[in-house]
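Keep the viewer open as you read.

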Amino acid sequence: MIRITIPTDWSDISIGKFQEIHAILKMPDGLVLEKDIKILAVLTGQSEDVIGNVDIEDYAEMMQRISFINTLPLSDKIPTQVKFDGVKYNLQMKINKMKLAQYIDLEVLSKSQDEIIYNMHKILAIFMSDSKTYSTEDMLRRADIFKAKMTIDVAYPITVFFYLHFTHLLSATLNYLESEANKQVKQLNEMLPTTTRKDGSGISFWKN
């Protein structure tokens, strides 16, 4: 007899498993049971064949136990530090102090809601680090660790918090860049010639 362990809350679900569940839920509409089998396989670590061979009564009980996945975890308290395999990763709370490389990576990884989910481990690795310096290579190293070890009860609230703050920062930055671009265009217009004359030797420019 195979023993099937069922998770009971988000503290049992890693970022990687959450991303797999999200991908299943985004699949084209089909048989509900097919999706349920795939989700149960992800959550229990069993094969779809094993899940497909449970009886209806056990299936109903299993689905009842994982009903928590219908409500995503939110928290007023954001952890400022996590620890995996003895290594501490500190959270950078001041988003306005982001380094340019962090900002670029975050913008690339956050182009849509689905991408935010699929890149959650990378987004968290941008803000949580075991180093005072930043590089994309180190971020990806941390991201692999977070994907496997960080659970959604911790990861999701942090992601939501920073996404909301990043949206405001992005809007403010775009407004700033637009303002600076308008200034540069104005300066260029003042520098460019306002009158031209074409003759046999080419085109001559002069200011009025």
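## Starting from one histidine

Once you set aside its neighbours within four places in sequence, His 22 is in contact with Asp 114, Ile 117 and Tyr 118. Before going on, bear in mind that you're looking at a predicted model. So where does this histidine sit? His 22 belongs to helix α1, which spans residues 15-25. Is His 22 buried or exposed? With a relative accessible area of 17%, His 22 is buried, because the cut-off for that label is under 20%.

Now stay with α1 and look at its partner α7. The axes of α1 and α7 come within 10 Å, and they cross at roughly 140 degrees. On the α1 side the contact is made by Ile 15, Phe 18 and Gln 19, and on the α7 side they meet Met 120, His 121 and Leu 124. Sorted by class, that contact of α1 with α7 has four nonpolar and two polar residues, with no charged ones.

Helix α7 (residues 120-127) also packs with α5 (residues 100-109): their axes come within 10 Å and cross at roughly 165 degrees. How do α5 and α7 run relative to each other? An angle over 145 degrees counts as roughly antiparallel, and α5 and α7 are therefore roughly antiparallel to each other. Their crossing is left-handed. As for who touches whom, Gln 102, Asp 105, Leu 106 and Leu 109 come from α5, while Lys 122, Ile 123, Ile 126 and Phe 127 come from α7. The residues of this contact divide into five nonpolar, one polar and two charged.

Take a closer look at α5 itself. Which of its residues are buried? They are Gln 102, Tyr 103, Asp 105, Leu 106 and Leu 109.

The crossing of α2 past α4 is left-handed. In this contact, Leu 33, Asp 36 and Leu 40 of α2 meet Tyr 59, Met 62 and Met 63 of α4. By class, the α2 contact with α4 has five nonpolar residues, no polar ones and one charged residue.

Asp 85 is found between β1 (81-84) and β2 (87-91). Asp 85, however, has a positive phi of about 50 degrees although it is not a glycine. Asp 85 counts as exposed, at 65% relative accessibility.

Finally, zoom out. How many helices and strands does the protein have? There are nine helices and five strands, and along the sequence they follow the pattern α-α-α-α-β-β-α-α-α-β-α-α-β-β. Of the 208 residues of the protein, 32% count as buried. If you look at the contacts with a separation of 6 or more, residues 24 or more positions apart account for 62% of them.

Technical notes
Residues numbered from 1 in each chain as written. Predicted model: local features only at pLDDT ≥ 70, side-chain atom pairs only at ≥ 80, totals over all residues. Heavy atoms only, no water. Axes fitted to C-alpha atoms, helices over the stretch in contact; angles between N-to-C directions. Helix = DSSP H or I, 4+ residues; strand = E, 2+ residues; numbered from the N terminus. Parallel < 35°, antiparallel > 145°, perpendicular 65-115°, else oblique. Left-handed = near helix turned anticlockwise from the far one by under 90°. Contact = heavy atoms within 4.5 Å. Nonpolar A, V, L, I, M, F, W, Y, C, P; charged D, E, K, R; others polar. Buried < 20%, exposed > 50% of the residue type's maximum accessible area, 1.4 Å probe, protein only.
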